[in-house]
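Me: I have a structure open and a list of labels for its parts. Please go through the labels with me and say what each one rests on.

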Amino acid sequence: MRIDVLTIFPEMFGVLDVSMLKRARENGLIEFYAHNIREHSVNKHRNTDDYPYGGGAGMVMLAQPIFDCFDYVKSLDGRRARCIYMGPRGRRLDQKFAEELSKEERLIILAGHYEGIDERVMSLIDDEVSIGDYVLTGGELPAMVLIDCVSRFIPGVLGSSESALDESFSGDGLLEYPQYTRPADFRGMLVPEVLLNGNHAEIAKWRREKAIMTTLNNRPDLLEKAELSDKEKAFIEGIKNENIP
Ligand code: ADE
């Protein structure tokens, strides 16, 4: 997959050059480029923003440098790109949407700043994407979150022993069960006995129960869509009723 980001802070994207994403780039699984919108401003001072029509607080990103930067970036590769604008009004990013985006050959991501962008830029955009119901100072961190999350679904990015499918928000819709590694006794805190006995059926049962309990405690909203047996549903109802005074 090829990913191009349009930003006024390309230097922020150095974080994509460490760890797994670095390896993915070195292995040719992901091509990544950050482009400076400012370089496409025809304005004397290379401005990328101006006051909003109609008044109000803050500045608005100009359409011209963004349109020209888009034209330039599109011309670098003949493949059709899915164009994304990172913004808090957008569709919420989740595992399913990230997996869908990972199937694209090319993504162009616009990271906005100031109070927003000239609305005419939206004519270039296929999807506006939010990473959550809170507002950040710019779209750069959200773009990095999206890139990291999408990359994990590209075959070969995760090691063979890892999987993007067997974890929280995937498959059965439950949060992940707790994990332990050596030693079995760390500062008096013991690894649950069941994980040490090698009985795979018991381990699977324990993990399932823990996943259900964690989901019930931290994200009960997820249980509505989770894949649960009738017995598990009854178990959850029992716990809920116990908690009612
Ligand atoms: N830009 C500012 N806040 C954002 C958010 N929550 N998601 C995506 N882009 C943003």
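What follows is a set of questions about labels in this model, which is predicted.

Me: Why is Ile 30 called buried?

Reply: Buried means under 20% relative accessible area. Ile 30 has a relative accessibility of 6%, so Ile 30 counts as buried. The residue is found in the loop between H1 and strand S2 (31-36). Leaving aside neighbours within four places in sequence, its contacts include Met 1, Ile 3, Leu 21, Ser 151 and Val 157.

Me: Why does Gly 58 count as partly exposed?

Reply: Exposed needs over 50%, buried needs under 20%, and partly exposed is in between. Gly 58 is at 30% relative accessibility and therefore counts as partly exposed. Gly 58 also lies in a loop, the one between strand S3 (49-50) and strand S4 (60-61). Not counting residues up to four places away in sequence, Gly 58 touches Pro 52 and Glu 115.

Me: Arg 82 is in strand S5. What makes Arg 82 buried?

Reply: The limit is again under 20%. Arg 82 has a relative accessible area of 14%, so Arg 82 is buried. Among the residues that Arg 82 touches, beyond four places in sequence, are Phe 97, Leu 101, Leu 107 and Asp 127.

Me: What makes the link between the side chains of Arg 82 and Asp 127 a polar contact?

Reply: A polar contact is a pair of N or O atoms within 3.5 Å, and within protein one must be able to donate a hydrogen and the other to accept it. The side chains of Arg 82 and Asp 127 are joined at 2.8 Å, so the distance is within the 3.5 Å cut-off.

Me: What makes a set of residues a nonpolar core?

Reply: The members are buried residues of the listed nonpolar types, joined through side-chain atoms within 4.5 Å. The largest such core has 28 residues, and Ile 3, Met 86, Leu 93, Leu 107, Ile 109, Leu 146 and Ile 147 touch the most other members. Elements that give two or more residues to this core include strand S1 (2-7), helix H3 (95-102) and helix H4 (140-151). H4 gives the most, with six residues. A second, separate core of 19 residues includes Ile 37, Ala 63, Val 73 and Cys 83.

Me: Which residues is Ile 147 in contact with, leaving aside its neighbours within four places in sequence?

Reply: Ile 147 is in contact with Ile 3, Val 5, Leu 16, Leu 21, Phe 32 and Ile 109.

Conventions:
Residues are numbered from 1 along each chain as its sequence is written. This is a predicted model: local features need pLDDT of at least 70, side-chain atom pairs count only at pLDDT 80 or more; totals for chains, interfaces and linings use all residues. Side-chain values use heavy atoms; hydrogens and water are left out. Buried means under 20% relative accessible area, exposed over 50%, partly exposed in between (1.4 Å probe, protein chains only). Helices (H or I, at least four residues) and strands (E, at least two) are DSSP runs, numbered from the N terminus. Contact means heavy atoms within 4.5 Å.
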